[in-house]
Amino acid sequence: MTPSQSGPDQGVDSRALAAKILAAVLDDGQPLAEALATSATQTAAQKLTDRDRAFARAIVMTALRRYGQIETALAAVADIKRLRRKSAYARLLLINGAAELLFLKVSAHAVVDCANRLARKNRHAQHFRPLINAVLRRLAHDGLPEEAKNEEARLNAPDWLWKRWRNEFGDAVANEIAVAHLLEPPLDLTPKSPSPGLAEEIGGEQLPTGSIRLTASKQIEKIQGYDEGLWWVQDAAAALPAQLFGNVRDKTVIDLCAAPGGKTAQLAALGANVMSVDQSSTRLARLESNMRRLDLRVAAVVANIEEWRPEQPAPCVLLDAPCAATGTLRRHPDIGLLKGPKDIQSLAEVQARLLDAAAPMVAQAGVLIYCTCSLEPEEGREQIESFLARNAAFARQPIQSTEIADQVEFISPGGDLRTLPSHWRDLGGLDGFYAARLVHR
Ligand SMILES: C[S@@+](CC[C@H](N)C(=O)[O-])C[C@H]1O[C@@H](n2cnc3c(N)ncnc32)[C@H](O)[C@@H]1O
């Protein structure tokens, strides 16, 4: 991919945008998704084309996904830590430049020239132009050093997560997870109703569990069926927890932590009477707008579920709890750099409180499904074990592989759903999701 600009400033604006987004993430600790969304509104004013924005996104995605290798490559040719203290901007230009040269294979001339132009405009970076030139030229000439070439998966996996995954899944699986994180994930869609032929019509592939997978990147609004509301974007793994209720037609389902509504849409499309609860009014507004496009009717409630109570308990309750989202690193490579063990601990405390709040909402013989898009045991297996230890009224109902299109590898020894980014390697992977099904006895 290359930028669309022509003339003397070719590519400078998209690289300026890439540096801005990377600064928001690495220097200000802003989540990448937010930084991208903010930049999209700002850059519309600067009249960047979609292609230029896509190029900027590709640079930052690569820089974050390959951060470990890039740091190793830069450290081999410059005192990058000292540079960070003197000019954070010069360092960002080098990181993005390295991503372009080493992984996106952009021509050295364009990369060095644009980095120079951007450095010249920045008060703190302008003195470092000779260094920026020399480092980028050296990387272009030498390529990745041996130590950054070997063990790419290990180098790009944040240390704290690498240790946790080895503990939880063992060395081989930890490595497979880290390998999966290096790849650009496909785009998955959930069809509103099973429609044979839809996958082919929109140029996708039908996955065994019912999702449609697109590998060629496309603007979502331009994919066939968007305006008609025939599908919504949802990773194939995220589409599994709502399926674990079985037949929900005409049943009441309380969807807790519902926005932006992927699981609400699934349940409503299956004929359930869905009550979608979320504490964020902005996110719930998105859920409502999504339901309008899909022509699905649900009751949306803005509330903190620790305080809210339904009029009466429901036969089905889904709790898709906020989590560290370490199962989504393929799409959000910033997570491993911005979060740490303390986040897991504090989120696990929130999840325990939300589970306790959800329990009385489940009717006798009703089903509670708890899920998170995390790979961490504290947010999955261990969370459910401690919930069951303090709630004798609930029991785990093991998930059968026949319920999820015979995907035996998605089921943990304890009978929970446990997908990993390294599963479905030949199909392009899927997010790491955990789900447990509990019955109120
Ligand atoms: C993982 S997201 C939910 C994704 C959603 N279930 C879907 O499938 O599209 C978690 C949601 O939990 C909501 N949330 C977090 N704490 C909450 C609370 N105490 N009460 C209600 N909603 C909460 C957040 O606003 C966020 O929208």
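Predicted model: local features only at pLDDT ≥ 70, side-chain atom pairs only at ≥ 80, totals over all residues.
**Reading cavities, sheets and buried residues**

Colleague: How many nonpolar, polar and charged residues does the lining of the largest cavity have?

Modeller: The lining has eleven nonpolar residues, together with two polar and one charged.

Colleague: And how many cavities of 30 Å³ or more are there?

Modeller: The count is two. For the second largest cavity, the volume is about 80 Å³. Its lining includes Arg15, Ile59, Asn96, Glu100 and Cys114. Helices are a handy way to find your way around it: α1, α6 (88-104) and α7 (108-120) each supply at least two of the lining residues. By class, the lining of the second largest cavity splits into eight nonpolar, two polar and two charged residues.

Colleague: Now the strands. In what sense do β5 and β6 pair?

Modeller: Strands of a sheet pair through backbone hydrogen bonds, and the pairing is either parallel or antiparallel. Here β5 (residues 252-256) and β6 (residues 273-278) are parallel, with five bridges between them. To locate the pairing, look at Thr252, whose bridge partner in β6 is Asn273. Between the two strands the chain passes through helix α14 (residues 262-269), and this β-α-β crossover is right-handed.

Colleague: Which helix does the chain use to cross from β6 to β7?

Modeller: That crossing goes through helix α15 (residues 281-294), and this crossover is right-handed. β6 and β7 (residues 299-302) are paired in the parallel sense over four bridges, and Val277 has Val301 in β7 as its bridge partner.

Colleague: Where in the sheet order do I find the antiparallel strands?

Modeller: Follow β2-β3-β1-β4, an open sheet of four strands with antiparallel pairing. β2 (205-206) and β4 (231-233) are at the edges, each with a single partner strand, so one side of each has no neighbour in the sheet. β2 is joined to β3 (residues 212-214) by two bridges, and Glu205 has Arg213 in β3 as its bridge partner.

Colleague: What about Thr209, is it buried or exposed?

Modeller: Thr209 lies in the loop between β2 and β3. Thr209 counts as buried because its relative accessibility is 11%. Setting aside neighbours within four places in sequence, the contacts of Thr209 are Leu240, Gln243, Ile404, Ala405, Gln407 and Trp424.

Note on methods. Residues numbered from 1 in each chain as written. Heavy atoms only, no water. 1 Å grid on protein atoms, 1.4 Å probe; cavity = no way out; pocket = protein on both sides within 12 Å on 5 of 7 lines; lining within 4 Å. Points joined across faces, edges and corners; volume = space filled by probe spheres on them. Nonpolar A, V, L, I, M, F, W, Y, C, P; charged D, E, K, R; others polar. Pairing = 2+ DSSP bridges. Right-handed = clockwise from strand over helix to strand, strands pointing away. Buried < 20%, exposed > 50% of the residue type's maximum accessible area, 1.4 Å probe, protein only. Contact = heavy atoms within 4.5 Å.
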